[in-house]
Amino acid sequence: IFKDFSQEQVNKIVKAMAEAGYLASEKLAKLAVEESGFGKYEDKIIKNRFATKNVYESIKDLKTAGIVDIEAEGKVIKIAVPMGVVCALVPSTNPTSTAMFKALISLKCRNAIVVSPHPRTANCTFESLKILSDASIEAGAPAGLIQSMLNSTIEGTEALMQDKLIAVILATGSTPMVKAAYSAGKPAYGVGAGKIQE
């Protein structure tokens, strides 16, 4: 259903998601710090705001539906087509901000998203995605475009990445998890572990 939405419909949905996530930045920062034990509350607020408002500002004018470019004096027409379902791996270090920006960029391109959170931070990741999902539905999106595993395990994440309905993987997390994403036999974009400061 969502693949047939117009650019105007998509833009309305993504804007509503970004606004809802931005408004919940403080609440989600508190949940992330409490659940993960990582980072500072004030820094998590900044990350949540960046992952919603700033990401939205950088993608809001991108064409992701219909004809997006015409080249070679009209002989080449580029048409945006969604990939399908995105599998997103979300780390414990930034469990709310990473989940929100991945949901925004996925839906901007008319893809659904299924998130595998780090087991240690599954609740705050789920809550951030629920806020964005509710906002997307209120703005006209079909229900079910944003999903999150609640009982995340290595085996479950591997099964998700291998699932035939997954079109692309966005992996942020440990080096072994990113390597597993690259080995899943489908397009994958990965970012490995950085330096953690407590």
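R49 is partly exposed, with 31% of relative accessible area. In this predicted model, the side chain of R49 meets that of E26 in a salt bridge, with 3.1 Å from N to O. R49 belongs to helix 3 (residues 41–59) and E26 to helix 2 (residues 25–36), so this pair ties together parts that lie 23 residues apart in sequence. E26 is partly exposed too, at a relative accessible area of 41%.

Why might such partners meet? Side chains of opposite charge can pair when their charged atoms come close.

How many salt bridges does a search of the whole structure find? The search finds six, and the R49 and E26 pair is one of those described here. Another joins the side chains of E57 and K60, again a salt bridge, at 3.1 Å from N to O. E57 is partly exposed, with 41% relative accessibility, and K60 is partly exposed as well, at 29%.

Let us turn to helix 5. This helix covers residues 122–138 and holds both D134 and K130, which sit four residues apart, or about one turn of the helix. Their side chains meet in a salt bridge with 2.8 Å from N to O. D134 has a relative accessible area of 38% and is partly exposed; K130 is likewise partly exposed, at 38% relative accessibility.

Here are these pairs side by side.

| Salt bridge | N to O distance |
|---|---|
| R49 and E26 | 3.1 Å |
| E57 and K60 | 3.1 Å |
| D134 and K130 | 2.8 Å |

Technical notes: Residues are numbered from 1 along each chain as its sequence is written. This is a predicted model: local features need pLDDT of at least 70, side-chain atom pairs count only at pLDDT 80 or more; totals for chains, interfaces and linings use all residues. Side-chain values use heavy atoms; hydrogens and water are left out. A salt bridge is a side-chain nitrogen of Lys or Arg within 4 Å of a carboxyl oxygen of Asp or Glu. Helices (H or I, at least four residues) and strands (E, at least two) are DSSP runs, numbered from the N terminus. Buried means under 20% relative accessible area, exposed over 50%, partly exposed in between (1.4 Å probe, protein chains only).
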